[in-house]
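Hello,

Here is the structure I promised to pass on to you. Please open it first, and then read my notes below alongside it.

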Amino acid sequence: MKLDVILRVGTKLVLPFILLFAFYVQFHGDYGPGGGFQAGVIAAGMVILYAIIFGLKAAQRVIPQELVQVMIPLGVLVYAGTGVVSMLLGYKFLEYTGFAQKFLTAHEWGILFVELGVFITVSGTMSAMFYAFVGRGR
Amino acid sequence: MMGADVLSAVKPHFPILVVLLPLLGALFCALIQRGTLSWLLTACIAFVLPVISGLMLFDVLKTGQTITYELGNWEAPFGIVYKVDGLSALVLTLITVIGAVIMPFARRSVAYEIDSHLQSWFYTMYLLCLAGLLGITITGDAFNAFVFLEISSLSTYVMIALGKHRRALLASYQYLIMGTIGATLYVVGIGLLYVVTGSLNFDDIASRLGPAMAERSGPVMAALGFITVGLSLKIALFPMHVWLPNAYAYAPSFATVFLAGTATKAAIYLLVRLLFTVFGTTVPFESMPVGHVLLALGLAGMFIAAFAAVFEENAKRMLAYSSVSQMGYIVLGIGLANVSGLTGALAHIVNHAVMKTALFLALGAVVYRIGTVRLGDLSGLGRKMPWTMVAFAIAGMGLMGIPGTAGFITKWYLVLGALEKGWWVIVFAIVLSSLISVVYMGRIMEVLWFREPSQAAEKAKDPPMMMLLPLWVLALATIYLGFDTRLSVGVAAPVAEALFGGIK
């Protein structure tokens with residue numbers, strides 16, 4: 001891979017834009033198409049591209065295996081935790097009304113947190129699956 | 001006073017907590033990655049759940065009203081609603097009680113059979129599976145039930161694959177294929193129902209099904225077929241049972257113990273819920289021959305699986321085949337399509353769970369001591385592990401249906417159901433199939449008690465107290481449920497009546 005200058009430099013150029021696009025899709029999710037799942041897959045795509053071009057070891061230096069393993073339950077915890085917080089505020093599970101004064105703002109906040117949880121879990125799971133496949137047989 | 005305040009504040013949230021607590025527990029188990037700590041957390045959650053579901057069962061029985069909970073406060077046909085009526089409260093209580101009673105057994109058994117770095121993942125999967133099964137039982141939404149079905153199934157595949165034996169992977173894969181086909185057929189059925197009724201809520205579908213049937217009956221019939229076959233795969237009804245013996249035989253002992261008592265029961269619950277609450281009794285049992293098909297397959301399973309059990313050399317596989325045969329009884333009770341038959345079926349869900357869990361607990365203890373469950377290696381264990389094997393014998397007698405045990409009660413009600421229909425052949429078949437179970441249980445008893453100890457059994461002794469305790473609790477429950485039927489038939493009978501009477 002040492003000789004593929006175009007690939008290596010090109011990848012480095014593209015990586016930040018992939019992440020940016022992932023965040024765009026993430027934060028656009030409560031208004032239009034997009035959301036945590038799609039954004040998570042795009043973000044994981046960045047990790048996968050990096051691993052393909054620079055090797056698994058380099059990718060795991062940036063996003064370690066341990067981090068990926070923690071991300072999977074952590075995202076679900078953020079999601080479920082949003083519901084628990086709404087219960088503690090005196091509303092039903094995943095009822096966002098208590099998060100802000102205005103009904104719509106409250107729901108926007110609620111969806112934002114839930115989508116954040118989805119993003120963390122999906123990107124973690126995608127990366128973990130890729131690591132598991134690539135790491136086989138070493 | 002403080003406690004009462006907290007209880008009244010938490011009580012409205014009981015339906016969601018039953019699913020939420022194991023789910024959160026699973027996440028924490030995945031995060032902490034310490035085997036013993038995970039076990040402690042799992043045990044704490046597992047012991048809180050039966051309290052919650054027991055209180056709900058008590059409430060439902062006392063007031064006769066259903067408990068509902070709207071997720072996110074979205075109203076019934078639009079949002080997901082959790083609904084606890086007599087039927088779901090019964091199955092919820094059963095699953096949570098089994099899930100709690102077996103927890104003391106788990107620590108040593110899991111520590112012995114599963115590598116230390118995987119133990120925490122195992123408890124994660126256990127709690128996820130528990131959350132899934134409880135979710136199936138509590139939800140009032142057809143698609144939500146599918147999601148929970150998948151959660152419980154996926155975690156089950158992982159639990160089975162964690163078995164020590166190399167064939168565990170193959171067994172898990174086999175179940176993965178079959179289970180996925182089952183879930184797919186179920187969701188195809190739900191999709192058809194959605195097309196004709198425009199709803200996913202069980203009650204809402206039920207109320208719209210009549211007009212939909214009058215307009216176009218084809219899709220409804222097809223949906224009924226898809227759903228019945230899909231869930232039969234999950235139940236391991238006779239020709240669709242092939243995955244079960246291997247899955248039970250090669251899974252870690254604790255996983256087998258848990259799955260044998262709960263997994264197929266939740267699928268049975270879902271089938272009963274759909275056949276009776278959603279389709280109403282007329283569509284499946286009068287317009288379509290679903291009742292007769294279930295009857296025939298139940299009968300076939302009772303015999304063929306029992307015969308397979310007689311010739312089995314691996315004790316775990318023998319009990320697994322016996323599970324398929326016992327599922328036959330339950331499905332037979334549903335297929336009889338009368339109150340006595342359904343009462344027997346529902347009571348047998350409880351009784352079979354108690355007995356089979358006890359039997360697999362005993363085999364789990366054997367694995368813990370001698371590391372094998374081949375029939376040849378078990379010889380003479382009765383004298384080496386007396387406490388384990390006496391409990392095994394008690395639960396085994398329950399399985400045969402000897403009077404004074406839980407098994408007798410349910411067979412009695414099944415016989416009553418068949419007599420009401422005037423089907424003497426089925427009465428005869430129930431008795432004959434019980435005799436076959438006497439043969440296979442007798443075979444294993446003979447090996448255990450009347451032979452010289454094998455080389456493997458020579459040094460065996462009873463397992464520690466923590467492992468014996470759950471076994472004896474369930475073995476004594478087998479006898480208790482044989483005399484005091486308030487907990488099984490007493491709950492099942494009004495539920496069965498409501499299922500037949502409530503829907504016109």
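**A loop in chain A**

With 22 C-beta neighbours inside 10 Å, L94(A) counts as buried. This is a predicted model, so please read everything here as computed from that prediction. L94(A) sits in the loop that joins α4 (65-88) to α5 (103-135) of chain A.

Another leucine, L89(A), belongs to the loop between α4 and α5 of chain A. Is L89(A) buried or exposed? L89(A) is exposed, because 12 other C-beta atoms lie within 10 Å, and a residue with 12 or fewer counts as exposed. L89(A) and F99(A) are separated by 10 residues in sequence, and their C-alpha atoms are 8.3 Å apart in space.

**Chain A as a whole**

Chain A has 5 helices and 0 strands, so the order of its elements from the N terminus is α-α-α-α-α. Its C-alpha trace spans about 60 × 30 × 20 Å along the principal axes. Of the 138 residues in chain A, 35% are buried. If you count the contacts in chain A with a separation of 6 or more, 65% of them join residues 24 or more positions apart.

**Where the chains meet**

How many residues does the contact take from chain B and from chain A? The contact takes 12 residues from chain B and 12 residues from chain A. On the side of chain B that touches chain A, the most is given by helix α2 (residues 14-32) of chain B, which supplies 7 residues. Sorted by class, that side of chain B holds 8 nonpolar, 3 polar and 1 charged residues. For the complex, the predictor reports an ipTM of 0.90 and a pTM of 0.94.

**Confidence in chain B**

The average pLDDT of chain B is 91, and 99% of the residues score at least 70. Within chain B, confidence is lowest in helix α1 (residues 2-10), where the mean is 78, and highest in α7(B), at 95.

The largest nonpolar core has 236 residues, and I160(B), A358(B) and A362(B) are the ones that touch the most other members. Helix α16 (residues 339-370) of chain B brings the largest share of this core, 21 residues. As general background, nonpolar side chains in soluble globular proteins tend to be buried together.

Which residues does A362(B) contact, apart from its neighbours within four places in sequence? They are T388(B), M389(B), A391(B), F392(B) and L471(B). Among these, T388(B), M389(B), A391(B) and F392(B) are listed with the buried residues of α18(B).

Helix α18 (residues 386-400) of chain B has 15 residues, and from its first C-alpha to its last it reaches 21 Å, close to the 21 Å expected at 1.5 Å a residue. This helix is mostly covered, with 11 of its 15 residues buried. Its buried residues also include I394(B), A395(B), G396(B) and M397(B). The partners they pack against are α15 (315-336), α16, α17 (381-384), α19 (406-421), α20 (424-449) and α21 (465-483) of chain B. Just after α18(B) comes G401(B), with a positive phi of about 90°.

**A bent helix**

Helix α9 (residues 202-215) of chain B is worth a look too. It has 14 residues and reaches 20 Å from first C-alpha to last, close to the 20 Å expected at 1.5 Å a residue. Where does α9(B) bend? The bend, of about 40°, is at L209(B), and a proline, P211(B), follows within four residues. L209(B) is itself buried, as are F202(B), D204(B), I205(B) and M213(B) in α9(B). The cover over the buried residues of α9(B) includes α7 (142-161), α8 (167-197), α10 (218-235), α12 (253-278) and α13 (282-287) of chain B.

**One more loop**

In chain B, N73(B) has a positive phi of about 60° although it is not a glycine. N73(B) is placed in the loop between β1 (67-70) and β2 (81-84) of chain B. N73(B) counts as partly exposed because it has 15 C-beta neighbours inside 10 Å.

Best wishes

Key
Residues are numbered from 1 along each chain as its sequence is written. Chains are lettered from A and ligands numbered from 1 in the order in which they are written. This is a predicted model: local features need pLDDT of at least 70, side-chain atom pairs count only at pLDDT 80 or more; totals for chains, interfaces and linings use all residues. Two residues are in contact if their C-beta atoms, placed from the backbone, lie within 7 Å. Helices (H or I, at least four residues) and strands (E, at least two) are DSSP runs, numbered from the N terminus. Ala, Val, Leu, Ile, Met, Phe, Trp, Tyr, Cys and Pro count as nonpolar, Asp, Glu, Lys and Arg as charged, and the others, Gly among them, as polar. The expected span of a helix is 1.5 Å times one less than its number of residues. The bend at a residue is the angle between axes fitted to the seven residues ending there and the seven starting there. A residue is buried if 20 or more other C-beta atoms lie within 10 Å of its own, exposed if 12 or fewer, and partly exposed in between; C-beta atoms are placed from the backbone. A nonpolar core is a set of buried Ala, Val, Leu, Ile, Met, Phe, Trp, Tyr and Cys residues joined through C-beta atoms within 7 Å. pLDDT is the predictor's confidence in each residue, from 0 to 100.
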